[in-house]
Amino acid sequence: MTSMANAARLEAKAEREYEKRHNKMMMKKPGDIVFNIINYAVFTIFTIICIFPFYYLFINTISDNELVRKGLINFVPQGIHFENYIRLLQVNDLFGSFGITIARTILGTLFMVLASAFVGFLVTQKDMWGRSFWYRFLVITMYFNAGIIPWYLNMAMLGLTNSFWAYIIPGIVAPYNIILVKTYIESAIPGELQESASLDGASHLKIFWTIILPLSKPILATIAIFGAVGHWNSFQDSLILMQSAPKLYTLQHRLYIYLNTTSNLSALMSAGSTSGISKSVLDSALNGKVIKYTIAMVTIIPILLVYPFMQRYFEKGIMIGAVKG
Amino acid sequence: MKKEKVAQIAYYPYRIISVALLVILFFPGLNVARVSGLINRSTSLLTSGFSYGNLIANFGRAFKKGWVLESTMRLLNLSSLAICIGIIACAVGACLSLGNRKCKFTGNLFSTVGAVISACAMGGIWSAYFQIAATTKPSKVEPMFQNFFYIMLILLVAMAVISIAVLVLTGRPGKEEKFEMETRFKLFLMFLPFILLTFVFCYLPLWGWRYAFFDYKSGDTLSMANFAGFKWFGQLVRNKSTTRDIVNVMKNTLAMSGLGIATSWMPMAFAIFLSEIKNPRFRRFVQTFTTIPNFISWVLVFAIAFCIFSTDGFISSMMINLGVWSEGKNFLMSGSHTWLKMLLWGLWKGLGWSAIIYIAGISGIDQQLYEAATVDGAGRFQKMWHVTVPGLMPTFYVLLLMAVAGILSNGMDQYLVFENSSNTAQITVLDLYVYKMGIVKGAIPLSTVVGMLKSVISVTLLYVANTISKVLRGETIV
């Protein structure tokens, strides 16, 4: 916590110095001015390319559906309403998938973070039997995998196909996160703290719970954020493992299915498919485009909402990873 | 003294067998209690023991018609439960065997009782099998005897014998002795559950490579009868259409990875030019918004692509409104420039994010270098080229080597979501090909072969990259 504040202060200081230095050197050569203009322009354009699609998607879900259908909503929303979002409540499958995705995000992240913290702590304990061997045993799994088919057959053999636990259990041990926690404990938490606690007779579990866990909050927040985003975005496991359990599809999988219904959803319904959309939705939502947009927006919104608050954790995450190489 | 030494040695098989037995509990494929085809394929021994409802889920009709007696299933259920409890007792015993004499003795009592109970309960499963085999309707009930039964029985009997032996050899602990265990073993026991999880989810799939050597269709069992040797490996070169597919897929894979590698300098350039912008607010703004696309999934990227490039998306409606086109075009359905499009989507998603590591790298470069360069009369671009770029090169090399090592693994999400009938020939990369062949079409052995070769080549490449890095820079990358 303090180290983070320190880092922020240092960064701000460095930035100020950087400013000063540059201002001093600023020579108003015409070449410099041209370079600056081009530079600003290129970055502005790229930034717009990055955010405009989100904006476009959003205004098309809240504008008048008839105008949207005609393709007239391109830059400014018109006839703002939120009915499309309310209508989504009638899409039964979607509601279930939303619940599944939230449940796996919360449970999966919780278990992964606790396990990473605990294992990260254990591998710093020098007197563990076979410590370096077992640590390597965990870490080496980052660099190989058997391939998707053996993985699938293994999950089937374990009875984890068409089961909610397939989302949670395989993700509990995350070697990369364990490395991050281990590095953090070794570098940021003084060993004397643990030593004095164990001299006072504290057990390992107690040391973990009262010293390590509270003090490693910054790194745990970082891996929690990455873990949560990963769970929210996960698609492959749902696609491959839940083939005969549509109730367990994640939100991303559901969105993928909706996007791939070639015609609009109403046509799909009249063809007699059971996509779970009630008749009233069909009558009111004349085109599937808006529904697809709205579902996509609902899937994006949590990430857009969380992102600004968590940005520093994201950036911290990649930096710690980089130090490890 | 000698007795204790013998006991020490006997503890090794004791521990190994108890861990093996514990793992077996979780595997539906190794469920000795699955004596009838009506029992769900995904029921493990643990489930058979603890969930009677799950065990008899499909037996409603069989009970009603009298094909199977309910008492038979009860027997099966109770026997499984006894085996489970016995095996858990053995595992507890094995854990305690790491402690002092008191721990060991108690653990031995546990495992002796547990192993004996389990071995006896195997008899219950045996008799349940014969009751089911005597059914009047074998075609519906499908009695089946798991050959694994014998292996399990041998393991349990061995466990019982060793337990009794070590019980005798260790001897009774003194009255005042307390339960104690060395710290190193205590820590290890805390670590053990995670080792088991890693083993089950990361190492055990390697055992699935054996499918590459069998004629296997989903639902079959593996036996010597359908052993195929290297037939599927040969198929890759002998079968014309498979070879053509593989060549095409490799072309796509290498092209897309190659384009990725060819543009891997772009995040560095992004960072360098961004740092030339003097307004910190603007820098922050750019950095924030260009990293967002990295955090949405490929499905959502496709949703974005859909709303911009489909028939009634942004581009088409703009063009129609401006009167340039008379009707919308669907860019996503066209098969042209697929590689380039995939590259651009990758850049859209990843460029801003990949630049962060270089931005941090730039702030780590010694400022005196810039000052010295200024004194020497270096201009802006000269400083960028002669100070900043060399400062970032180590990071660049590491990432480049990792990219080369991962040349076969482009992942499948991106290509799966963007795939359609008109671009499938250009977009199918190795990962997607394996998925489609194995999971969608069910050609499990052939796709296992391809996946296996890919894994081996990838690990080799990583090893080579690591060695190169060690030789050239004196540092490893993994």
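Leaving aside neighbours within four places in sequence, with which residues is Gln78(A) in contact?

## A loop residue in chain A

In this predicted model, the residues that Gln78(A) touches, once its neighbours within four places in sequence are left aside, are Ser63(A), Asp64(A), Leu67(A) and Ile73(A). Gln78(A) itself belongs to the loop of chain A that runs between helix H3 (65–70) and helix H4 (83–88). Because a residue with 12 or fewer other C-beta atoms within 10 Å of its own is classed as exposed, Gln78(A), which has 12 such neighbours, counts as exposed. A separation of 143 residues in sequence lies between Gln78(A) and Ala221(A), and their C-alpha atoms are 40 Å apart in space.

## Chain A as a whole

The secondary structure of chain A consists of 17 helices and zero strands. Chain A has 325 residues, of which 36% count as buried. If one takes the contacts in chain A between residues at least 6 apart in sequence, 73% of them join residues that are at least 24 apart.

The confidence of the prediction should be kept in mind when looking at chain A, where the average pLDDT is 82 and 81% of the residues score at least 70. Over residues 263–286 of chain A, however, pLDDT stays under 50, although the model has 35 contacts beyond four places in sequence for this stretch. Where pLDDT is low, the predicted coordinates should not be read in detail.

## Two residues with positive phi

Most residues other than glycine have a negative phi. Asn162(A) has a positive value instead, with phi near 55°, and this residue is found in the loop between H7 and helix H8 (165–168) of chain A. Is Asn162(A) exposed, partly exposed or buried? It counts as partly exposed, because 16 C-beta neighbours lie inside 10 Å.

In chain B, His337(B) also has a phi near 55°, which is a positive value in a residue other than glycine. With 13 C-beta neighbours inside 10 Å, His337(B) counts as partly exposed.

## Helix packing inside chain B

Helix H12 (residues 266–275) and helix H16 (residues 338–363) of chain B have axes that come within 7 Å and cross at roughly 60°, so H12(B) is oblique to H16(B). The crossing of H12(B) and H16(B) is right-handed. On the side of H12(B), the residues that meet H16(B) include Met266(B), Phe270(B), Ile272(B) and Leu274(B), and on the side of H16(B) their partners include Leu347(B), Leu351(B), Tyr358(B) and Ile362(B). Sorted by class, the contact of H12(B) with H16(B) has 13 nonpolar residues, two polar residues and no charged residues.

Ile272(B), one of the H12(B) residues in that contact, is also touched by Met384(B), which has Val389(B) as its other partner when residues up to four places away in sequence are not counted. Met384(B) has its place in helix H18 (residues 380–405) of chain B. Although Met384(B) and Ile272(B) are 112 residues apart along the chain, their C-alpha atoms are separated by 7.4 Å. Met384(B) is partly exposed, because 16 other C-beta atoms lie within 10 Å.

## Where the two chains meet

The contact between the chains takes 79 residues from chain B and 75 residues from chain A. Which helix gives the most to the side of chain B that touches chain A? That helix is H9(B), with 16 residues. By class, this side of chain B has 54 nonpolar, 18 polar and seven charged residues.

Helix H7 (residues 148–157) of chain A and helix H9 (residues 183–207) of chain B have axes that come within 8 Å and cross at roughly 110°, so H7(A) is roughly perpendicular to H9(B). Pro150(A), Trp151(A) and Asn154(A) of H7(A) make this contact together with Leu204(B), Pro205(B) and Leu206(B) of H9(B). In this contact there are five nonpolar residues, one polar residue and no charged residues.

H7(A) also meets helix H21 (residues 430–440) of chain B, where the two axes come within 9 Å and cross at roughly 35°. Ile148(A), Ile149(A) and Tyr152(A) of H7(A) make this contact with Val434(B), Tyr435(B), Gly438(B) and Ile439(B) of H21(B). The class count for the contact of H7(A) with H21(B) is six nonpolar, one polar and no charged residues.

How values were computed: Residues are numbered from 1 along each chain as its sequence is written. Chains are lettered from A and ligands numbered from 1 in the order in which they are written. This is a predicted model: local features need pLDDT of at least 70, side-chain atom pairs count only at pLDDT 80 or more; totals for chains, interfaces and linings use all residues. Axes are lines fitted to C-alpha atoms, for helices over the stretch in contact, and angles run from 0 to 180 degrees between N-to-C directions. Helices (H or I, at least four residues) and strands (E, at least two) are DSSP runs, numbered from the N terminus. Angles under 35 degrees count as roughly parallel, over 145 as roughly antiparallel, 65 to 115 as roughly perpendicular and the rest as oblique. Two residues are in contact if their C-beta atoms, placed from the backbone, lie within 7 Å. Ala, Val, Leu, Ile, Met, Phe, Trp, Tyr, Cys and Pro count as nonpolar, Asp, Glu, Lys and Arg as charged, and the others, Gly among them, as polar. A crossing is left-handed if the near helix is turned anticlockwise from the far one by less than a right angle, and right-handed if clockwise. A residue is buried if 20 or more other C-beta atoms lie within 10 Å of its own, exposed if 12 or fewer, and partly exposed in between; C-beta atoms are placed from the backbone. pLDDT is the predictor's confidence in each residue, from 0 to 100.
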